[in-house]
Structures are given as structure tokens and as C-alpha cells.
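Biologist: I am new to this structure and would like to go through it step by step. Could we begin with its pockets and then turn to its interior?

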Amino acid sequence: MLSKSKMQKILKEIYGANLIDRQTLDRLFNSSEKEILGYLTSFIADDSNWSGKANKDDIEEIQAELNELSKDNNLVPLVSVMIANLRNATAGDVLQARISLPLIKVAQQQHRMIDNATVDVPKLLSKYSKLQAQEMPNNHKVPPNYDELLTKMIRSSWDKAHLSINKDINYTIQRIKQVAKQAASATDDNLNYAKRIDKILTGGKVGNGASGRAQSIIRTFASRALNETTFASYKARGIQYYRFLALESNTCAECQSMDGKIFKVDDATEGINRPPIHVNCQCWTVPMENTNFVSGSEILYQKSSGAIMDDGNID
């Protein structure tokens, strides 16, 4: 089995800045907010008519940008909606398309993070698993088609992650559009649209918002990718049982109650006895070589040797 130190290195690389670039996402959302407010402020300052006919050059300019973005297959669902809305467009339609563009570009970055994780997570697990096999050839064996098995397994959740990104960005776009239309039609300055848009994107003082949800989607996918490849590894190596390990700090009550429990690999079900148990879950599992216990029972084990007795006592 992988040593705790190697597993911790994997977790650090997966949940660290290398894979989940929080700063990049925050910067993109902040940049999007400035663009959106700039477009909306100009629209209001020009006293534009929301229902008025759109300028042909403006429509063509936005269509060109959307056509460029449509070259990314992951963005096609989002872009197709924008293009459809530009047929017989009003000035309000053009404004809504403009404020959607920077958010679609945020989604593009999220999709790239998912694609990178799809490649990087199996590589990380394979790398440390092969190192462990070199150090402990009798206890940790790696099958010849190991890399192929890991990569194949992670693909099962790949499409779901991309779908989640598009759904959440579309939800954010719709909320921003509502505020923009209200602001453009308001007869006074009491709407405070800048504050409302900031809250939608960043969550305001309480945090979260679209930026926080974007990070959660990436983080949860990373956890899912890690655990799917880990269990593909278990099955490939003939591991029958695993031990659930809660995050060592800041763990939730639900995951803490699972800490130390043993389950059969064939009984593993995401969200019940296999991480991720919930959004942002960073728990993990380790394989158990000793099978003289009842699946689901909690045991004590000695971290240095891992020796386990039938009654749960340290050997």
C-alpha cells in the first residue's frame, strides 16, 4: 500500500495551488466584474434604449468573439445560446451578450483546469504508486496496464464536471442579466447595481459567490478524480478492503464519524462510504492488506507498522 507520506504528497499536489489555481479564478472573476460594470455603466450613461434596435457593427463584433469561443467544444452550449439571442437583437440583447462574454471566458479556464486534472491526477497516483512498488516490491505490486486503467476510470466523471461548470456559469449569467436589465430601466440610482453584481460574483463580505462555487466544482472534481483512480488501482491490484481517512484538520462531523472505518472495495459508493462525501470533501482512503475483520467496523492501527489484529488491537 502507499505510505502515508506518499499519499500526503499526492493530496498536497492535488489540492494545492498547482491543480486548483484559486488566485487565477479570483483574478478572472474580478476582471469580469470590472468589464461587466464598465459595459453596464456606459449603457446607462448613454441613455440607451433597452428595447431599441441594436447597432449592426456591435452585433458583428460580438458574434466574431462568440465564433472564436465556439472553437472550444466545452463552451459550445453556452455560446450557442448567446448567438441565438443575437438574431433580431435589441440594444439590451447586445448588452447582455457583452456582459456574458467575460464569464464564458471564466468557464473556459475552469474547463482547462478540469482537463488538466484528468491528465495530472492519474499521473500523480501512478508516479507514487510505482515508487512505492520499487521500495516494497513484495507488498505493493503494479499491473502492466496500470496507467491505462487509471486514465480510463477518471473519464467516468469528466463529462459531469464540464456540465457542472456550464450550468453554474449560465446561472451566474442569468442573475447578472436580471440586474443589468433592472439597472438599465431604473429611474433612480437606488438600485446599487454595482454592489449587487459584486455579491453575485464574489459573495460580498461573506465570500463564496460564483467565484467560490467555481473553486468548489474544481476541488470536488479533483477529489472525485483522485478517488476514482485510487479505486481503479485497488481493483487492478486485487485489494479487497480499504480504510476511510478523514481530513486531519477542519473535517466535518459527517466525515469524522467515518474516520477509521473499513469497507469492502466492491461496496464502495461515492457520497456514502467513499470520498467525496460532500462538496469540497478532501478525505481519502488507504488499502488494507489484512482482511480478518467485518467490513464497516472501526479499527485501531499503528501508523508505523499497520499491523492489525482480528479484535482491532495492535499486534
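**A pocket and the core**

Modeller: The second largest pocket is lined by 13 residues, and those nearest its centre are Phe43, Asp58, Ala91, Val94 and Arg98. The model is a predicted one.

Biologist: What volume does the second largest pocket have, given its lining?

Modeller: By class, its lining holds six nonpolar, three polar and four charged residues. The volume of the second largest pocket is about 230 Å³.

Biologist: Which helix gives the most to the lining of the second largest pocket?

Modeller: Helix 2 and helix 5 each supply at least two residues of that lining. With four residues, the one that gives the most is helix 5.

Biologist: Where is serine 32 placed, and is serine 32 buried or exposed?

Modeller: The place of serine 32 is in helix 2, which covers residues 22-45. Leaving aside neighbours within four places in sequence, serine 32 is in contact with Pro102, Leu103 and Val106. Its relative accessibility is 2%, and buried means under 20%, so serine 32 counts as buried.

Biologist: Why does glutamine 108 count as buried?

Modeller: Glutamine 108 has its place in helix 5, residues 91-135. The cut-off for buried is under 20% relative accessible area. Glutamine 108 counts as buried because its relative accessible area is 14%.

Biologist: With which side chain does the side chain of glutamine 108 make a polar contact?

Modeller: Not counting residues up to four places away in sequence, glutamine 108 touches Leu69, Asp72 and Leu75. The polar contact, at 3.4 Å, is with the side chain of aspartate 72.

Biologist: Which residues touch the most other members of the largest nonpolar core?

Modeller: In soluble globular proteins, nonpolar side chains tend to be buried together. The largest nonpolar core here has 67 residues, and those that touch the most other members are Ile104 and Ile197.

Biologist: Which residues is isoleucine 104 in contact with, leaving aside its neighbours within four places in sequence?

Modeller: Isoleucine 104 is a member of the largest nonpolar core. Its contacts are Leu66, Leu69, Leu75, Leu78, Val79, Met82 and Ile173.

Notes: Residues are numbered from 1 along each chain as its sequence is written. This is a predicted model: local features need pLDDT of at least 70, side-chain atom pairs count only at pLDDT 80 or more; totals for chains, interfaces and linings use all residues. Side-chain values use heavy atoms; hydrogens and water are left out. Buried means under 20% relative accessible area, exposed over 50%, partly exposed in between (1.4 Å probe, protein chains only). A polar contact is a pair of N or O atoms within 3.5 Å; within protein, one must be able to donate a hydrogen and the other to accept it, and residues adjacent in sequence count only if both atoms are side-chain atoms. Contact means heavy atoms within 4.5 Å. On a 1 Å grid over the protein atoms alone, a cavity is a set of points where a 1.4 Å probe fits but cannot get out, and a pocket is an open set with protein on both sides within 12 Å along at least five of seven lines; lining residues have an atom within 4 Å of a point. Grid points are joined across faces, edges and corners, and a volume is the space filled by probe spheres set on the points. Ala, Val, Leu, Ile, Met, Phe, Trp, Tyr, Cys and Pro count as nonpolar, Asp, Glu, Lys and Arg as charged, and the others, Gly among them, as polar. A nonpolar core is a set of buried Ala, Val, Leu, Ile, Met, Phe, Trp, Tyr and Cys residues joined through side-chain atoms within 4.5 Å.
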